[in-house]
Amino acid sequence: MMPGSPLGLALGVALFWLLLGCVGVGFPHRLPLISRVLFPAGALAALVLAFTGLTALTGAPEARVLPIGLPGLPIHLRLDALSGFFLLLLGATTAGVSVFAAGYFRRGEGTAPGLLCLYYHVFLASMALVMLADDAYGFMVFWETMALSSYFLVTSDHRKAEIRRAGFLYILIAHIGAISILLLFGVLQGGTNDYTFGAMRAVQHPPFWGTVAFALALAGFGAKAGIVPLHVWLPDAHPAAPSPVSALMSAVMLKTAIYGFLRVMFDLLGMQSWWWGVVVMTLGLVTALYGVVFSAVQSDMKRLLAYSSIENIGFIMVGIGLAITFRAYAMQALAALALTAALYHSLNHAFFKSLLFLSTGSVLHATNERGLGKLGGLIHHMPWVAWLALVGTLAIAGLPPLNGFMSEWLLLQAFLLTPGLPQPYLNMLVPAAAAAVALAAALAGYVMVKFYGIVFLGQPREERLAGAHDCGPWERIGLTWLATGCIALGLLPAWVISTTDAVVRPLTGAGLGAASSGWLYVAPIDPQRASYSPALFLAVIVALVALAFAAVRLFYHGRLRRSLPWGCGFPQLNARMQDTAEGFGQPVRQIFEPFFRMQRELPLATDSAPRYRVVVEDHLWHWLYLPAARLVGRVTAAVSLLQRGRISVYLMYSFGTLLLLLLFVQR
Amino acid sequence: MNTTLSGAVAQATEFALAVALAPLLTGWVNQCRAWLQNRTGPGPLQPYRMLVKLFRKEPVLAHNASALFRMTPYILFGCTGLAAAIVPTLGTGLPFNAAADAIALVGLLALARVFISLAAMDVGTAFGTLGARREMMVGFLAEPALLMVLFTASLISQSTSLSTMVQTLSRMEFVIYPSLAFAGVAFTMVSLAENARIPIDNPATHLELTMIHEAMVLEYSGRHLALIEWAASLKLFVYSCMGIALFLPLGIPQAGDWTGIVLALPALALKLAAGGAALALIETLSAKLRIFRAPEFLGAAFLLAVLAMLIHLLLEH
């Protein structure tokens, strides 16, 4: 194998990660070695991987057969533009997260650092290999490695019962998804018994089996991506992990599910039905709204971000659904637009979500507190984290000129083109769908103001927050890298779109590249129709701000006086009078009441120790999961009737079985 | 080169006029309201006197106000200033029109809202955070409705570029578009909410418990408050111009058509004066809603806007 080829390089990075993990496990308690050498080395390797992905976007697809695995079942690898794009996402995000992790992991927090280093790097390597796999066997092996290594990372603080529970739920749903994917590959090989992706591409499926494959792909990859109703593990598992791992899981691991879904729907499965797209889009909309509404009522900062990941996955699925529908009607340019929006949003989400998860990690280390109700005012004590997190906050809230807005803009543009579809009923769907997207995007702004305002602004809600310290140099580098990514992706959309074109063109048969006019403006269809220039946008705002500042100083003065805040006539104002996380969630709880299952405990006027409590739960948990669990319990109880625990009974079973078998043989 | 230059001049003129005249519009609305309420009123120039007074005063900052708090008034001014430059008031096809379309305009207003809300939470007083929460609530209800209104117009004109939208709408033969009627009602409701007007908010209130916008800016004083007030006037101006551009676009000329621009100026002034008087009338005739009723009001606007889109697709497509 040529070491210089992109595929060889990507494979080398994966092996290097595995090696780093092995070194780490050799010295499980040598923290300086692990954090100062192994993690930064892993970050460098991630940069190499990002570069590899970038070169693979423009290069021709490259395939290899690795002579490892079962006899007669070697592992096929292939690096094409789609893999390259997701490798770029993985590498670029991991570079920031690993550098941050170099300064993050401490002694005495659950699992030994060396062991964490092993799981972490195995996790990274398996994600890279999932994106490279070119046959069902390799894909499943790497997919399962990814699930298991992340399970161990989630349960790294395994002494806490709720973390063990979160880990169990995670691994359970991951395996339900994995079974579905296994069945999917069984359908895709279409009776040829050849499980390489190359053979699957060649199979022509009858409509029924195509639909079965679609349903299995949606369930299997949806379980990993956290699509409603298979999302319940996500808000438990992501916050349970250490922050760099939460960042990786939200930013990258969910995207492996997106990658798998795209691979199956746009590459392996030859046929398309328009209504599949409608199903995906509807599920995406439900997921987006569900995620953001639940995100708004959380009072734990990491859970809030985990729900917001569900919302963002919803947006990505909406884009993919639109692309499927457009493609089924052979409207290639529009399919390309919708798919570009989905890919762009995947990349954006990777950057801003990891940035925010990492900043919650810094807050957690500085304060030992995850509850929003006990934070506040950290902008004074942790300026680095606070200002970098502000970039992430504005980006995730979908505000121009940052990156989150750009992908939502593309998505809305795709919606506005839907009336061109030949299906009138589908056209009727547009207003409802566009309205739901707009509502979810606006709610995201509300959620992020809540998150940022309560954690970083205001007065500290606890005395000891005054002792909070800013993050260290490694963490600063990691956060700065990710924040820079958010800004760059927002300001250079023309470049990003021309890059994703290499991915979109083979999948949909058209691209947007020629349509974006110049580097300054983005005009995906035609400049008369819609154009946007984030760089110019930012430049004008900065110019106006500078102008206003200079004019005020020139014509008036720059004097300033500090004093107490105005107390509206009340003598005593304290930090407890600020709005809490629950207070901020109240309007959403009220407006979207049907979404929640709420238990309220209200005090009476006569109570000597009044207590106010509200527990917000997920309906789906009670409607779907608990009945399913009860059913499983009942079935297993019935089966356990056979299990008497007495040797004579078991001997009788053996005897009975023997008799039955003899009966069959007789025939 | 010549077209770029004339475009830049037109753009600069439009921007300067917006910034200079926005307080006049606020003053005019206040004066109309005073007349309707049988008061003499301070005259339409009062906002200018207010601004000068505030700029001269020394701002008083809370001890724990961060840099974000001090930056926000300038950012707010910059954002609304850009919004004023984007909306075609005196001409279409101006240079900034290509930099941002209708969706970006909504995003720009959201950016301003997020910054003022964050700043309101910065000092950590009870009313500041309360105002921020309410403002964001009104925001997340009003923003999708506004987007839907703009989408209706953009489905008619096959474009989200404000410039193209206005050109198409102003060139349409004079027939009644039912979708635009629905969108117009929704837009009016949204603009009332977004500009902190009765029935959602009362700009003249002195009772903190009922405030939204005013609660957020309680901690601001001096030049900071002046900039915020100016930005609020600009926002009202921008919304009025947006309404004119979408629903009364007659008389908005192409860029470079200088005679058209000269003619457009009195037309714009007339439309704004009528719009301001109508706003004062609405404010006088209605009472402020309880904050819990605001979601119903804005939900109705949202529904109307979605209906407008549906009607367009059903009847006019």
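1. Across the interface of chain A and chain B, 25 residue pairs are in polar contact, both residues at pLDDT 80 or more; a polar contact is a pair of N or O atoms within 3.5 Å, where within protein one must be able to donate a hydrogen and the other to accept it, and residues adjacent in sequence count only if both atoms are side-chain atoms. The rule also finds 3 salt bridges across this interface, a salt bridge being a side-chain nitrogen of Lys or Arg within 4 Å of a carboxyl oxygen of Asp or Glu. One of them joins A:Arg561 to B:Glu58, with the closest N and O atoms 3.0 Å apart.

2. The model is predicted: local features need pLDDT of at least 70, side-chain atom pairs count only at pLDDT 80 or more, and totals for chains, interfaces and linings use all residues. Side-chain values use heavy atoms, without hydrogens and water, residues are numbered from 1 along each chain as its sequence is written, and chains are lettered from A and ligands numbered from 1 in the order in which they are written.

3. Chain A and chain B bury about 7000 Å² between them, 73% of it on carbon and sulfur atoms; this is the accessible area (1.4 Å probe) that two parts lose on being put together, summed over both. Chain A contributes 72 residues to the contact and chain B 83 (contact: heavy atoms within 4.5 Å).

4. β3(A) pairs with strand β1 (residues 60-62) of chain B in the parallel sense over 3 bridges; strands are DSSP runs (E, at least two residues), numbered from the N terminus, and two strands pair if DSSP finds at least two bridges between them. A:Ser563 has B:Ala62 as its bridge partner in β1(B).

Notes:
Helix = DSSP H or I, 4+ residues; strand = E, 2+ residues; numbered from the N terminus.
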